[in-house]
Amino acid sequence: MSTQSLTPLAPLLLTPEEAADTLRVSRSKVYALIRSGALRSVKIGGSRRISATALSEFIEDLNAESD
């Protein structure tokens, strides 16, 4: 078995708190975005998660609106 240096992967799913930190907004703002449908999320058990893809798409939508 060869020893290769592994690069850490970015998380695929973020907690609302992590998404809020990424967007530099409050956790309540993230939940408001989820409720409005502006930010897609999934529910796993009792936990809400935001995919990295959904977060990227949300940011792309913001950029498109500002053009």
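This is a predicted model: local features need pLDDT of at least 70, side-chain atom pairs count only at pLDDT 80 or more; totals for chains, interfaces and linings use all residues.

Residues are numbered from 1 along each chain as its sequence is written, and side-chain values use heavy atoms, with hydrogens and water left out. The protein has three helices and three strands, arranged from the N terminus as β-α-α-β-β-α. Helices (H or I, at least four residues) and strands (E, at least two) are DSSP runs, numbered from the N terminus.

**Overall composition**

- Of the 67 residues in the protein, 21% are buried; buried means under 20% relative accessible area, exposed means over 50%, and partly exposed lies in between (1.4 Å probe, protein chains only).
- Among contacts with a separation of 6 or more, 47% are between residues 24 or more positions apart; a contact means heavy atoms within 4.5 Å.

- The three strands form an open sheet with the order 1-3-2 and antiparallel pairing; two strands pair if DSSP finds at least two bridges between them.
- Strand 1 and strand 2 are the edge strands, each pairing on one side only.
- Helix 3 packs on the sheet and touches strand 1 and strand 3, and its direction makes about 60 degrees with that of strand 3; axes are lines fitted to C-alpha atoms, for helices over the stretch in contact, and angles run from 0 to 180 degrees between N-to-C directions.
- Strand 2 and strand 3 (residues 47-51) run antiparallel and are joined by three bridges.
- Valine 42 stands opposite arginine 49 in strand 3.

**Nonpolar core**

- The largest nonpolar core has 12 residues in all, including Leu14, Ala19, Leu23, Val30, Leu39, Ile50 and Phe58.
- Two or more residues of this core come from each of helix 1 (16-23), helix 2 (27-36) and helix 3 (52-66).
- A nonpolar core is a set of buried Ala, Val, Leu, Ile, Met, Phe, Trp, Tyr and Cys residues joined through side-chain atoms within 4.5 Å.
- In soluble globular proteins, nonpolar side chains tend to be buried together.
- Leucine 39 is in contact with Val30, Leu33, Ile34, Ile50, Ala54, Leu55 and Phe58, leaving aside neighbours within four places in sequence.
- Leucine 14 is in strand 1 and is buried, with a relative accessible area of 11%.
- Not counting residues up to four places away in sequence, leucine 14 touches Ala19, Arg48, Arg49, Ile50 and Leu55.

**Salt bridges**

- The whole structure contains two salt bridges, each defined as a side-chain nitrogen of Lys or Arg within 4 Å of a carboxyl oxygen of Asp or Glu.
- One of them joins the side chains of arginine 27 and glutamate 17 at 3.5 Å, N to O.
- Because arginine 27 lies in helix 2 and glutamate 17 in helix 1, this pair ties together parts that are 10 residues apart in sequence.
- Arginine 27 is partly exposed at 45% relative accessibility, and glutamate 17 is partly exposed at 36%.
- Glutamate 57 forms a salt bridge with arginine 40, and the closest N and O atoms are 2.6 Å apart.
- Glutamate 57 lies in helix 3 and arginine 40 in the loop between helix 2 and strand 2 (42-44), so the pair ties together parts that are 17 residues apart in sequence.
- Glutamate 57 is partly exposed at 33% relative accessibility, as is arginine 40 at 46%.

**Loop residues**

- Threonine 15 lies in the loop between strand 1 (13-14) and helix 1 and is buried, with a relative accessible area of 18%.
- Threonine 15 touches Arg48, Arg49 and Ile50, not counting residues up to four places away in sequence.
- Arginine 24 is in the loop between helix 1 and helix 2 and is exposed at 73% relative accessibility.
- The phi of arginine 24 is near 60 degrees, a positive value in a residue other than glycine.
- Most residues other than glycine have a negative phi.
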